Amino acid sequence: MSSTLESEQIRPDKPQANEGELTYEQQHKPSSEFDSREQYLEHELQIMAPKRWRPNLPFKDYRFEIEDTIPAMAATIGKVVMVGAIAATFAGALGLNEGFILENVRYELLIASVFIILFSGFLLPTANLAGTHGPLIPLIPIVVAAGGHPMAFGLLIGTFGLLLAISKGGSMLANLTSKGVCGGLLLYLGFVGTVSQVKKLFAWAEGIGMSHIAFVVIFCTIILYALLEHFRKRWLAVPLSCLLGGSIAFAMGAPFSFQTEPGLPNMNPMYWWGENTGWMLGLPTLEHFMVVLPFAILAVAMWSPDFLGHQVFQKISYPERTEKVHMNIDDTMTTASIRQTFGSLLGGTNFTSSWGTYIIPAAIAKRPIPAGALLTALFCIIAAIWGYPMDLAIWQPVLCVALIVGVFVPLLEAGMEMTREGKTTQSAAIVVFASALVNPAFGWSLTMLLDNLGLVGCKERSSELSKMSRWVLPGAMFIVLSGVMALVGLLPGIPAIIPSFR
């Protein structure tokens, strides 16, 4: 913090006791009064006073900065990709054509924009944007094969998520997770995600007969990222890496063309839930809800480690005295649940979770949620209507490097930061081990139980926990998660208990 700010805090005519009563407008200072851009951004975080369920207005309660465009751009790219992946997976399982995928992605971008503006930009500025639940993608073919209905699936996720948010179960589970467990989870997600994107880029390059392009793009991206880190401009990693990756690939002869023309999707929910239009499934029955019940429980149970990782990354990146602008896990669950419920009723493909491709770049750029949220909504509307940006966002040289430098490498860095001190490495190693065995939700719940019992990690921390925190709640979470996974056949080598899921 600058000396200018410190002197303001100790001046007799501005006693420190009254500073908390000053509004954002009264405490805001132009960036020219600070010694560096970073000091200005940190001061902005420290003077914000977000209001829950009351209007938060631009320029009165927060400002737009150039740094807000970076997470908004990364979020839009991530949204197109993730919703496209879910729509494509459903389309393949249900026999729907490519036109369904494109139109529904456009529809989802518009739906997402409305809820971003309403919640993260206006009423709940500490709620992260409601994004896409990526870990559910491998489960979609199983859900469809079992006779599941996407509307029933989405409505149950929204219902269970809202119950968890109202009971404040999400923040409670986050508080029970030690630094070692959380750091190990971030390390696993970051490493697996980075490796998967590198493999995807090489697979794409081999598919066009130009394997060398993938190597050159990734090598140049590494050099660029290192330079940005050296000059403390890492928040520029996403746009510059996308520009670099796309330019190099195109210059080396990789094929690319704009194909998605401007337009609007069908906005009628009855079209999407018609028997011969949209999903071509009609409305769900009670049987459909019973089929997707275990998957919905699993989806919501997987929210806690996902949300926790995003919140922790923010805590690591933000300066002191910024707790009031940190992402609120329960508010994020509330907005995600409401957005999921209405999105499913309207006919969208998306299954909701915390929006990682937004919050991670925003934390790196030291920006609060609301301003970048409004820009994300604007960019999503432009992409949906214009069409052409969607082609660029899903082009592999752009997509892969955006996810690597914008999400997965920062996750690795945050995980390593959290496991530097204390007896955290044991817990971190167990999380990685157990996650590799089944999935991150299993690894998180098992290691949280072992860590809180004092079998791994810090024994002193375990001894200070109550009986409820030490083994009752962690044990219940592990049993519920493992039981649901056993029911639907997600435990490796063990057949599904329910025959219809085998």
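**Terms and ground rules**

I begin with exposure: a residue is buried under 20% relative accessible area, exposed over 50%, and partly exposed in between, with a 1.4 Å probe and protein chains only. I also note that helices (H or I, at least four residues) and strands (E, at least two) are DSSP runs, numbered from the N terminus. The model I am reading is predicted, so local features need pLDDT of at least 70 and side-chain atom pairs count only at pLDDT 80 or more, while totals for chains, interfaces and linings use all residues. Residues are numbered from 1 along each chain as its sequence is written, and side-chain values use heavy atoms, with hydrogens and water left out.

**Entry: helix H21**

I looked up helix H21, residues 425-437, whose 13 residues reach 18 Å from first C-alpha to last, close to the 18 Å expected at 1.5 Å a residue (the expected span is 1.5 Å times one less than the number of residues). Its buried residues are Ser427, Ala428, Val431, Ala434 and Ser435. Seen down the axis of H21, these fall within an arc of 135°, so they line one face of the helix; the arc is that of the directions from the helix axis to the C-beta atoms. The face turned away from the buried side of H21 carries the exposed residues Thr425, Phe433, Ala436 and Leu437. The buried residues of H21 pack against helix H10 (179-207) and helix H22 (440-453), where contact means heavy atoms within 4.5 Å.

I found Thr221 in helix H11, residues 211-230, and Thr221 counts as buried because its relative accessibility is 6%. Leaving aside neighbours within four places in sequence, Thr221 is in contact with Ser241, Leu244, Val401 and Val405.

I then turned to Ala74, which lies in helix H5 and is buried, with a relative accessible area of 8%. With neighbours within four places in sequence left aside, Ala74 is in contact with Val238, Thr357 and Pro361.

Which rings pair with Phe90 across distant parts of the chain? I first note that rings of Phe, Tyr and Trp (its six-membered ring) pair if their centres lie within 6.5 Å, and that planes under 30 degrees apart count as stacked, over 60 as edge-to-face and the rest as tilted. The structure holds 23 aromatic pairs. Phe90 and Trp279 form an edge-to-face pair, 5.2 Å centre to centre with 90° between the planes. Phe90 is in helix H5 (residues 69-94) and Trp279 in the loop between helix H13 (269-272) and helix H14 (286-301), 189 residues apart. Phe90 and Phe351 have ring centres 5.9 Å apart and planes at 40°, so this pair is tilted. Phe351 lies in the loop between helix H16 (329-346) and helix H17 (356-364), so the pair with Phe90 ties together parts that are 261 residues apart in sequence. Both Phe90 and Phe351 are buried.

**Entry: nonpolar cores**

A nonpolar core, I wrote down, is a set of buried Ala, Val, Leu, Ile, Met, Phe, Trp, Tyr and Cys residues joined through side-chain atoms within 4.5 Å. The largest one has 134 residues, and those with the most contacts inside it are Phe153, Ile157, Tyr358, Trp444 and Met485. Helix H20 (residues 396-418) gives the most to this core, with 14 residues. A second, separate core of nine residues includes Tyr24, Leu45, Tyr318 and Leu374.
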